[in-house]
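Take a look at the chain below. This report walks through a few of its loops and helices.

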Amino acid sequence: MLNEKVAQLMNDQINKEFYSSYLYLDMSNYYVDKNLDGFANWFKIQAQEERDHAILFMEYLQANSCKVTLEAVAKPDKSFEEPMDPLKAALEHEQYVTSLINNIYDAAYQCKDFRSMQFLDWFVKEQMEEENNTDSLVQKFEMFGTDPKGLYMLDAELQTRVYAAPSLTVL
């Protein structure tokens, strides 16, 4: 049986992952309105990944006979003025999610829940990838985003991104 605090933090994380998905769909909509379909695609795929993260946490809790409680998903509260705004907000959000994962990991470590720590190892690596990818996108936008041709090429590059299901399996 999972430690009660670890299980509760993971249950809370489900909601936060669904919120992340919702937030990224909102950012995708922003770029659709700006006719930047590649950026919209990038965020739509991010939203799919976050949804999958929520389901992985859900499956892990269920595999450990823990009750899953789904809470209401808050409406994204960010508004964006410039095309760079969602990118910077996404990087900040990924850093926040990293802190949440680290907090769950610390709770598992404190109670010597090695099984949960092993499960969370994937999320620790995933968050490093998420932060690096988002930071790279911010840097590319800073270099090329003010040049119309550069922005066009960056948008075209992001249009080629395809969804890949997570490599983690619970059982």
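Ser65 is exposed, because its relative accessible area is 60%. Exposed means over 50% relative accessible area, buried means under 20%, and partly exposed lies in between (1.4 Å probe, protein chains only). Ser65 sits in the loop between α2 and α3 (84-110). Helices here are DSSP runs (H or I, at least four residues), numbered from the N terminus.

This is a predicted model: local features need pLDDT of at least 70, side-chain atom pairs count only at pLDDT 80 or more, and totals for chains, interfaces and linings use all residues. Residues are numbered from 1 along each chain as its sequence is written, and side-chain values use heavy atoms, leaving out hydrogens and water.

Now the backbone. Most residues other than glycine have a negative phi. Ser65 has a positive phi, although it is not a glycine. Lys112 is not a glycine and also has a positive phi. The table sets out both residues.

| Residue | Phi | Relative accessibility | Loop |
|---|---|---|---|
| Ser65 | about 60 degrees | 60% | between α2 and α3 (84-110) |
| Lys112 | about 55 degrees | 60% | between α3 and α4 (114-144) |

Next, two helices. Two packed helices are described by the angle between their axes and the distance between the axes. Helix α2 (residues 37-63) packs against helix α5 (residues 148-159) at about 35 degrees, and the axes are 7 Å apart. Axes are lines fitted to C-alpha atoms over the stretch in contact, and angles run from 0 to 180 degrees between N-to-C directions. From α2, the contact uses Asp37, Gly38, Phe39, Asn41 and Trp42; from α5, it uses Leu151, Leu154, Asp155, Leu158 and Gln159. Contact means heavy atoms within 4.5 Å.

Is Asp155 buried or exposed? Asp155 counts as buried, because its relative accessibility is 12%. Leaving aside neighbours within four places in sequence, Asp155 touches Leu36, Asp37, Gly38 and Phe39. A polar atom of the Asp155 side chain lies 2.8 Å from the backbone nitrogen of Gly38. Asp155 and Asn11 are 144 residues apart in sequence, and their C-alpha atoms are 36 Å apart in space.

Last, the record. UniProt, in an unreviewed entry, places the feature "domain: Ferritin-like diiron" at residues 1-145. Such annotations may be inferred rather than shown by experiment; feature names are shortened, and positions follow the numbering used here. Over residues 1-145 the chain is 79% helix and 0% strand. The end C-alpha atoms of this stretch are 50 Å apart.

Key:
Helices (H or I, at least four residues) and strands (E, at least two) are DSSP runs, numbered from the N terminus. A polar contact is a pair of N or O atoms within 3.5 Å; within protein, one must be able to donate a hydrogen and the other to accept it, and residues adjacent in sequence count only if both atoms are side-chain atoms.
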